[in-house]
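Good morning, and thank you for joining this group meeting. Please look at the sequence and the structure as they come up, and I shall then go through them part by part.

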Amino acid sequence: MSQPIFARIDDFRIKASRKRQLIGLSLTRIGFGLILLCFYLQNIPQRQLLWGPDGVFPIEFVEEIKQWYGFIHLFGYIESPALFDLFYFLAICVCVMYVVGYQTRVCGVLVFVFYWSITHRTPFVGNGGDNILYLLLFYLMFCDVGAYFSVDSQLKRKKGKDPLISNTFAGVVHNFGLWAAIAQFMTLYLFSFLYKVQGEKWMDGTALYYLMQVDMYSLPVVSEWIYTQPLLFVTGTYFALIFQYCFPFMIWFKKTKWLVVCMAVFFHGSIGILMGIPMFSLVMITADLMFFTDEEYHRAAAILKRRWGKNRIKQVIEEQPGA
Amino acid sequence: MYKEQSYSKLVIVKFWEGELYLEQPRKNTLVTLLWSFLFLLLCLTLAFHFLMVLFFNSPENELSKPYKTLNKAYMEPIFFQDFKLFAPDPVTSNQTLYIRGTYRDRHKNGLHTEWINITAPIASSIQENRFSSQQYIKTTVTHAVGTMVRAYFTDKKDFLKRYRYTGDVRKLPYSMVVLNRLGSGELQKKYPDLQFESMDMKIEVERFPPYAKRHVANLKQTIAISKIPFANMVK
């Protein structure tokens with residue numbers, strides 16, 4: 001209590017500047033980078049049609065949008081198909097660099113700029129997965145997502161520097177970026193739940209009954225089985241509501257964190273497979289990685305190492321002649 | 001075990017398995033003051049930002065109404081977000097898009113092609129392969145068609161006025177522009193030798209009955225739009 005106020009602020013500064021969730025954010029970086037790579041590669045055949053200057057939304061219409069906002073995305077200034085292709089493939093190269101963690105800070109900004117630009121190039125093309133992904137990429141620009149599993153961290157070690165140490169200002173900015181990403185993610189679940197509970201079909205348990213009949217969101221045989229069985233579609237509908245309500249609370253407690261993440265993997269995996277929206281599902285599952293602390297990752301790695309270590313020793317013994 | 005000890009010069013934090021993570025030693029007064037200022041600034045920025053996020057996502061209320069213009073200016077376009085996600089009500093119908101082209105034969109007679117189903121091949125492709133390259137074509141068609149269907153059932157008179165081609169394609173709603181160009185491309189792919197003058201579009205809306213009336217046939221309605229200018233997508 002007799003400690004001067006300045007010393008207490010200093011203590012707080014040191015605690016608040018320690019970068020959190022470095023492993024989780026590095027894994028999230030790799031996950032998002034791979035999702036984006038998949039996005040760009042998957043759409044190579046359709047790129048000019050969807051986002052090109054002579055595609056479904058010609059460049060002259062983009063001028064109107066420029067007048068509303070006073071500025072426009074990168075692809076709004078591209079009038080040549082060849083130049084569009086150059087930027088498109090440059091975006092792919094930047095994604096690869098982001099995944100491997102080379103020049104991570106710069107690539108983080110470029111990845112956001114390219115992805116935000118392309119998702120805003122043509123109306124009606126984006127979905128909820130694109131929306132949450134570019135928002136999270138924005139916040140991750142302020143985080144150190146290259147501390148682990150990256151070329152940058154390896155290069156730092158070769159120069160004799162520890163990639164985990166940084167100055168106190170970078171640390172606090174990193175933590176605020178992390179908290180903003182988490183808060184945005186919670187916002188998605190909160191409002192998704194709040195809007196659903198206003199809907200009659202969600203409340204009476206028939207939402208899945210209708211969704212599974214829509215050709216664009218169904219899987220043959222499986223969807224028909226679901227929408228003809230009240231036990232399945234009612235349970236599925238209410239599970240969706242309960243999960244979206246519980247996630248923002250259960251994720252904060254150690255005892256329920258793993259359970260709710262397993263529920264998330266099941267829930268979003270089902271959406272991806274049954275409804276054919278894999279992008280959204282993968283983004284939501286990947287984003288869960290940033291909720292685990294570095295201690296939890298180290299603990300999990302130690303458990304796996306012990307188990308794998310035991311199995312490896314057993315395998316080596318069994319492979320010996322005369323074993 | 002996780003353990004933190006604080007000394008006057010150095011803070012050592014020990015992780016599981018004894019991994020060491022060294023903190024910076026305490027800095028001088030100026031650094032602490034600057035850091036405190038940065039911390040407060042970040043707190044205020046984050047608080048303001050997420051207040052805007054909450055206002056943007058919430059339905060309009062008495063608290064957010066006075067700040068509507070500021071909210072929109074701040075959030076769009078960089079932080080635009082819409083997390084309704086099949087809410088408040090999910091899609092309750094199949095909405096199938098058909099197009100046909102109008103061309104002239106060598107005797108200058110106006111003829112139509114057959115109706116081409118745009119939606120079915122996309123749906124089949126995605127049902128076979130969840131990572132199909134048709135994913136974003138599907139999103140485009142689904143959203144654009146959905147926008148037109150909602151507009152039609154909200155105010156039919158206004159729909160017929162807004163979606164009628166009056167000589168300037170720039171005055172058409174964006175959903176129509178996008179579907180027009182997509183449809184034109186499909187016509188050119190299927191009939192590369194024909195010179196089209198215009199195209200017609202129809203959307204078949206097939207509503208699903210409630211579960212209690214599931215044995216009743218689906219209700220079908222058609223929204224038709226004729227004489228839309230043809231867009232040459234092959235350059």
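**The two chains and their interface**

In this predicted model, 102 residues of chain A are in contact with 88 residues of chain B, where contact means heavy atoms within 4.5 Å. Residues are numbered from 1 along each chain as its sequence is written, while chains are lettered from A and ligands numbered from 1 in the order in which they are written. Local features need pLDDT of at least 70, side-chain atom pairs count only at pLDDT 80 or more, and totals for chains, interfaces and linings use all residues; side-chain values use heavy atoms, with hydrogens and water left out.

The size of an interface is often given as the accessible area lost when the parts come together. Between them, chain A and chain B bury about 8,900 Å², of which 67% is on carbon and sulfur atoms. Buried area here is the accessible area, taken with a 1.4 Å probe, that two parts lose on being put together, summed over both. On the side of chain A, the residues that lose the most area to chain B are A:Phe124, A:Tyr195 and A:Met216, together 10% of what that side buries.

Helix H9 of chain A, residues 168-196, gives the most to the side that touches chain B, with 14 residues. Helices (H or I, at least four residues) and strands (E, at least two) are DSSP runs, numbered from the N terminus.

**Chain B**

Chain B has six helices and eight strands. From the N terminus on, its elements run β-β-β-α-α-β-β-β-α-α-α-α-β-β. Of the 235 residues in chain B, 42% are buried; buried means under 20% relative accessible area, exposed over 50%, and partly exposed in between, with a 1.4 Å probe and protein chains only.

**Salt bridges**

Over all chains, the structure holds 13 salt bridges. One of them joins A:Arg47 to A:Asp85, with the closest N and O atoms 2.6 Å apart. A:Arg47 lies in helix H3 (residues 47-51) of chain A and A:Asp85 in helix H5 (residues 81-100) of chain A, so the pair ties together parts that are 38 residues apart in sequence. A:Arg47 is buried, at a relative accessible area of 16%.

In chain B, B:Glu76 and B:Lys72 form a salt bridge at 3.3 Å, N to O. B:Glu76 is buried at 15% relative accessibility, whereas B:Lys72 is partly exposed at 47%. A further salt bridge pairs B:Lys84 with B:Asp82 at 3.8 Å, N to O. Here B:Lys84 is partly exposed at 33%, and B:Asp82 is partly exposed at 37%.

**Cysteines**

How many disulfides are there over all chains? The count is zero, a disulfide being a pair of cysteine sulfur atoms within 2.5 Å. For A:Cys38, the nearest cysteine sulfur is that of A:Cys95, 11 Å away.

How values were computed:
Salt bridge = Lys/Arg side-chain N within 4 Å of Asp/Glu carboxyl O.
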